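Subject: Structure handover

Hi,

My notes on what turned up follow below.

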Amino acid sequence: MPALTSGPRQAELRRTPDGVVLHLGLVAGPVYLERPVADLLTYSIGRPWQVAAPDPDGFWISRRPGEHRAGCRTGPLAVEFRLAFDEGDRLRLDLSWRNTSRRRLADLAVGVLLDLGRVKDSQLTVPGLIYNDNPSADPARPVPRVGHTPGGGFVAEEDRLPIPGVNLEWREGRDRRQLSVFSRPQARRSADGQVRYGSLGVIRQDGPVVAALSGVLMFDGKQDVRYVSKAATEATDDGYLTLRPGEVYTQQLVLDWGPQRIRGHAFRELVAGGRALFAEPGASALTTAELVALKTVALDNRWYQAGTVAGYTKFSEIPGNGPRKTAHFLYGWTGQGLKLAWCDAQLGFTAGDRLRIDRCRAAVEFYLGGSSTPTPGLRHNAYQVTTRRWTSFRTGSRPMIASRAYGETLSDLADIVALFRRHGEPVPPSWPAALTEAAAFLRRSQLPDGTFPIGWRLDGTPASTAISAAGLPCVLAALKTADVLDADDLLAEATTWMSRYHDQHARTFDRPFARSTLDAACEDKEAGMYYFMAAYELFRRTGDPLYASWCEVAADWLLTWVYVWSPEQDEGTPLHRSGFNAIGWPSVSVQNHHLDVFFPTYELLSFGLLSGRPHYADAARTTLHALTQGVAVSPGDWDFPLPGEQGEAVFQTYWQRRGHTNTWNPSWVIAVPLANALRIQADG
């Protein structure tokens, strides 16, 4: 029987003097992998588990049209290996491990190790966890890494991966190649209702080895170590199999390989594969109108005014409605003070509610009236209501104006000016004047490489010279300011700034988007968000196909953080009781492995519709609906006394409290979903 072929790909199992060999390649093209099947299997009994090749006894092989099978005995286990292409030209690799002995096998670890040998110039993506081995992550903090020397590795539970797969890209001669390995996760629920999945990751031997295992874990090359919280690990005895006599453990893997045209962009194959392999619909707990109504209740609860002091508190003042914190306004990041003001005004214009428009006006006037620093164009990030002081973040025991938070706030101010003008509402001259002054500051306050620092001291000097994407919101702010000021010179400069970030991050992803989340120095979703939003702003203004391509790449990078499947939860947990569905929910960073609602849903939807790329619009709608889960509809829901509240974190995996949510509810959890929903409503 001939080799299996489908589209450009070719695969086969064949018998050789060295045993049965797996061959993956292209039809009339190069070989991508050729290894004895015995070298691709791993099996160990005992703790800690070992990366050990089995000692096979008597391989058999069967080749039929459309399907190749092989199998062997190794100790007490019988292993069967099946290959067949699916309709998308991807190779299904199904394995079964059967206990042929008369005794119960405990502390068992089995799986597949795909070793491509010493590959050159490689990049690795494990969705939500590892992006080119996380080069921007603080080396002093434990985060997932594989490392570059033999003995390193990271293997995680499948439910920790938004897309359960691993992609490896490398150079072979003058060409680049990529291989994606997907798992079709299968839940194992024990008698006590707990759920376990298999595990995926990469182990460093002579080169990177993709590991698809039965559930055992590895962190920093150490077996039986789990990443459990922010920069924290703990030993675990979890992940081992127990097979009764005759019991079978199965694995369903899907392999996808081929040439890679653009260096560093092979992660996009994970998104395409995830879209094709996981077609289950997401969930929706509320309509968009219901979400707006409930979030508006929470918004109103955050409004504070005493004389000229006016704004939105980061936390609720109602006892038990989230953490009890000293009242303060935070502009940008987890506060989003002016985004809340924009939401209030948008609601006011839609309903003809003068009070809401005036609240927005008062909040902007208060911010602009008191937030100045000694440096013209640079403003504080926060106001402490009880002490009546303007403050900022701190780093190195000194104040720092975070570029991320300041850029977000300037963007929101520009949006408010545009909103008022669109509805014929008078705009005080001080508002565009503040944008003009801020733009002048941004023009003179970059690092030598032309990007923005993570933050500035109060005198306008950089607080850090570290390479980061944290300042991308300043580019977005400049683009929006150029629009409201009709400033073509600022548009040209902002476009140049954006090109520098493109070269630094998105051209090759040698250094993926990182360090936007202010409490986590690492690769994070939010850094990529602001690149996407700035690229979208350029595309919206110009229609230039170049910027559409930038949007596409950034959108796919963001979608590596978004769940395409829904892990089952332990019985009795809040997520299990509510029927929570993770599809469409994004995770946060390579350091923080929970889910949250911070996502550019409106911009992704709009880009998909404007550019004729409907799969992005579909993805945006899935996320829009998914993020309505976890919102309190009635008092007491999700442990909130106030309707409309929502916890910042959903714990879908073994990071903090799997199966639970928290009640940490800073005001961004109101602002971002509400702003997205209002914009989508306004566009019809």
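A search of the whole structure finds 51 salt bridges. A salt bridge here is a side-chain nitrogen of Lys or Arg within 4 Å of a carboxyl oxygen of Asp or Glu. The model is predicted, so local features need pLDDT of at least 70, side-chain atom pairs count only at pLDDT 80 or more, and totals for chains, interfaces and linings use all residues. Residues are numbered from 1 along each chain as its sequence is written, and side-chain values use heavy atoms, with hydrogens and water left out.

**Salt bridges**

Start with Arg14 and Glu34. Their closest N and O atoms are 2.3 Å apart. Helices (H or I, at least four residues) and strands (E, at least two) are DSSP runs, numbered from the N terminus. Arg14 is partly exposed, at 26% relative accessible area. Glu34 is partly exposed too, at 36%. For the cut-offs: buried means under 20% relative accessible area, exposed over 50%, and partly exposed in between (1.4 Å probe, protein chains only).

Next, Arg82 and Glu67. Their side chains form a salt bridge at 2.7 Å, N to O. Arg82 belongs to strand E8 (residues 77–85) and Glu67 to strand E7 (residues 67–74), so the pair ties together parts that are 15 residues apart in sequence. Glu67 is buried, with a relative accessible area of 13%. Both residues belong to a network of salt bridges that links Glu67, Arg69, Glu80, Arg82, Arg92 and Asp94.

Asp503 and Arg507 also form a salt bridge, with the closest N and O atoms 2.5 Å apart. Asp503 is partly exposed at 43% relative accessible area. Arg507 is partly exposed at 44%.

**Aromatic rings**

The structure holds 38 aromatic pairs. Rings of Phe, Tyr and Trp (its six-membered ring) pair if their centres lie within 6.5 Å; planes under 30 degrees apart count as stacked, over 60 as edge-to-face and the rest as tilted. Trp557 and Trp561 are an edge-to-face pair, 5.6 Å centre to centre with 65 degrees between the planes. Trp557 and Trp561 are both buried.

Two arginines sit over rings. The charged end of Arg9 is over the ring of Trp257, 5.9 Å from its centre. The charged end of Arg379 is over the ring of Tyr367, also 5.9 Å from the centre. The test: NZ of Lys or CZ of Arg within 6 Å of the ring centre and within 35 degrees of the ring normal.

**Helix packing**

Helix H4 (residues 337–351) packs against helix H6 (residues 403–422) at about 15 degrees, with the axes 8 Å apart. Axes are lines fitted to C-alpha atoms, for helices over the stretch in contact, and angles run from 0 to 180 degrees between N-to-C directions. H4 and H6 are therefore roughly parallel, a class that covers angles under 35 degrees.

Where is Asp510 found? Asp510 is in the loop between helix H9 (488–506) and helix H10 (525–542). Asp510 is partly exposed, at 33% relative accessible area. Asp510 and Gln123 are 387 residues apart in sequence, and 7.7 Å apart in space, C-alpha to C-alpha.

Best wishes

How values were computed
Parallel < 35°, antiparallel > 145°, perpendicular 65-115°, else oblique.
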